[in-house]
There are 2 protein chains.
Amino acid sequence: MECLDIAVLLFGGFEPLDAFGPVEMLGYLGKIDGSPVETRLRFVSQQGGLVRGSYGVPVQTLPVSGDDKPDVLLVPGGGGTRPLSKDASFIAMLDSLASRSEHCLTVCTGSALLAATGQLDGRRATSNKRALNWVKSVRTQVNWQNQARWESDGKYVTSSGVSAGIDMALGWIAGQYGIELARRIAEHTEYRWAEDSHDDPFAVDSQQRQ
Amino acid sequence: MECLDIAVLLFGGFEPLDAFGPVEMLGYLGKIDGSPVETRLRFVSQQGGLVRGSYGVPVQTLPVSGDDKPDVLLVPGGGGTRPLSKDASFIAMLDSLASRSEHCLTVCTGSALLAATGQLDGRRATSNKRALNWVKSVRTQVNWQNQARWESDGKYVTSSGVSAGIDMALGWIAGQYGIELARRIAEHTEYRWAEDSHDDPFAVDSQQRQ
C-alpha cells in the first residue's frame, strides 16, 4: 500500500489548531478502514529541536534537509508568520521545500509565508479573513480570494483561518481519494464538515471590519 | 488580572485534535480583547518527557507532581486510553490530580479514564459515540448519555468524540464568562460553533451501529 509522506512545517508562534486540525484528518486517512493509503507524519522546522507554538505548545521537530521531498507539505499560520514573512533565510528554505513537495497545503496566515516565496503568483489563494489585508500586502501578485473557506490551484491549497484548515484537509482528501472517504473521516472524528469550499460565513464580517 | 492555570494531561496514543482543539479555544480565551482572564497552558504527563500521540505527534511534557492544583485539567482521549483504563498507577495519579483540579474537562474516551477513578459515579457524562459501548463497560455507575455533544455535571465536563472537544471548550467558556465571549472566540478562530450541547448529529448513527 502506498504510504503518503506528510511533513508539517512548524516555527515559533505557530497556531496549534492550524497544524493539528489537518494533522488529525490526514492522520485518520491512514488508519480508516478502506483507505487506499497509509500516512506517515513528520514534524519539521528550519533548525529542528523543540518548537513552541502559541500558548507555549511544545513540539519536538526534526530539521528540514535540502533533499527533503514530502508528498504533502503542511504549513500552519499564527503570530510567528509576521516576522518570518520578512526572514529571507526562512523564505528561501520554504521556497525550496515547497518546490520539492508534491502537494502544498497552508492554513490561515501560512499562505502569507508561501506567498512570500513567489510560488503563489497569479494563483488563487486565501487566508484568515481578519488578517487578509496584511496577507495581501505581503505579495500583491497573488490572486487573493476574499470569500473562500479554502482554495485549490494546482498543487497548492490555501485555507482560511484556524479551524478552516480542518475543512480544507477534508476537501483535499475528497479531491484525491473521493468525497465518501472524506465524509467517513469527518463522521469518525465527529466533525461537521462544511463541504463547500466557498461557503465562508466569516468573509462578510471581514469586509465590514476592514 | 486573574490567570487561569490550565494543565493538559497527555499520554502515549492521545488523539491530537482532542487535545489541541480545546487548547486553541482555552488559549484564545487568554488573548482575546475584553477577556476577564489570562491563561497559562502546561502540558503534563505521568512521567514527564516526550509523549507521542496518535500519528506520532511528539509533545514535550512536564511530570505531574503530587501538589499540582490546576484551575482546569484537560484530559484527551485516543487509542492510548484502552490500556490506561486498566493501569492502576495511572488511574490513581489521575484520581488525585482530578480531585485537586477546580474544573475537569475530558474529550472523547478521556471520559473513560476519568470514569475509572470513580469520580463520575452517578453523574451525567458522555464520550465518543463509536466507542460508547466500551466506555460504558469501564464504569457502569456513571449516568452515561447517548445523545450529547458535551455534558456538564458539577466541576466535570465530558465531550463526545475528537472535534466535539472544541464545542465543549467554547461551552465551558460560555458557562464561566458568558456566551458572547465564547462566540467572539469562535468568530476569531473561524469556527462554526454548535452552541447547543445536545445537538448531536452523531448519536443516531451510533445507536444504529451498536
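Residues are numbered from 1 along each chain as its sequence is written, and chains are lettered from A and ligands numbered from 1 in the order in which they are written. Because the model is predicted, local features need pLDDT of at least 70 and side-chain atom pairs count only at pLDDT 80 or more, while totals for chains, interfaces and linings use all residues; side-chain values use heavy atoms, with hydrogens and water left out.

**Confidence**

The mean for chain A is 95, and 97% of its residues reach 70 or more. Then select residues 206–210 of chain A, where the pLDDT is below 50; beyond near neighbours in sequence, this stretch has 10 contacts in the model (contact means heavy atoms within 4.5 Å).

**The interface**

Show chains A and B together. Next select A:Y55, A:E190 and A:R192, which supply 25% of the area that chain A buries against chain B, more than any other three residues.

Between chain A and chain B there are 26 residue pairs in polar contact, with both residues at pLDDT 80 or more. A polar contact is a pair of N or O atoms within 3.5 Å; within protein, one must be able to donate a hydrogen and the other to accept it, and residues adjacent in sequence count only if both atoms are side-chain atoms.

Helices (H or I, at least four residues) and strands (E, at least two) are DSSP runs, numbered from the N terminus.

**Salt bridges between the chains**

Eight salt bridges are counted between chain A and chain B (a side-chain nitrogen of Lys or Arg within 4 Å of a carboxyl oxygen of Asp or Glu). One to select is B:E187 with A:R130, whose closest N and O atoms are 3.4 Å apart.

Another is B:E15 with A:K31, at 3.8 Å from N to O. B:E15 lies in the loop between strand 1 and helix 1 of chain B and A:K31 in the loop between helix 1 and strand 2 of chain A, so the pair joins two chains. B:E15 is buried at 4% relative accessibility, and A:K31 is partly exposed at 43%; buried means under 20% relative accessible area, exposed over 50%, partly exposed in between (1.4 Å probe, protein chains only).

**Salt bridges within chain A**

Select A:D167 and A:R149, whose closest N and O atoms are 2.7 Å apart. A:D167 lies in helix 6 and A:R149 in the loop between strand 8 and strand 9, so the pair ties together parts 18 residues apart in sequence. A:D167 is buried at 0%, and A:R149 is buried at 1%.

Finish at A:D5 and A:R42, a salt bridge of 2.8 Å, N to O. A:D5 lies in strand 1 and A:R42 in strand 2 of chain A, so the pair ties together parts 37 residues apart in sequence. A:D5 is buried at 12%, as is A:R42 at 13%.

Technical notes:
pLDDT is the predictor's confidence in each residue, from 0 to 100. Buried area is the accessible area (1.4 Å probe) that two parts lose on being put together, summed over both.
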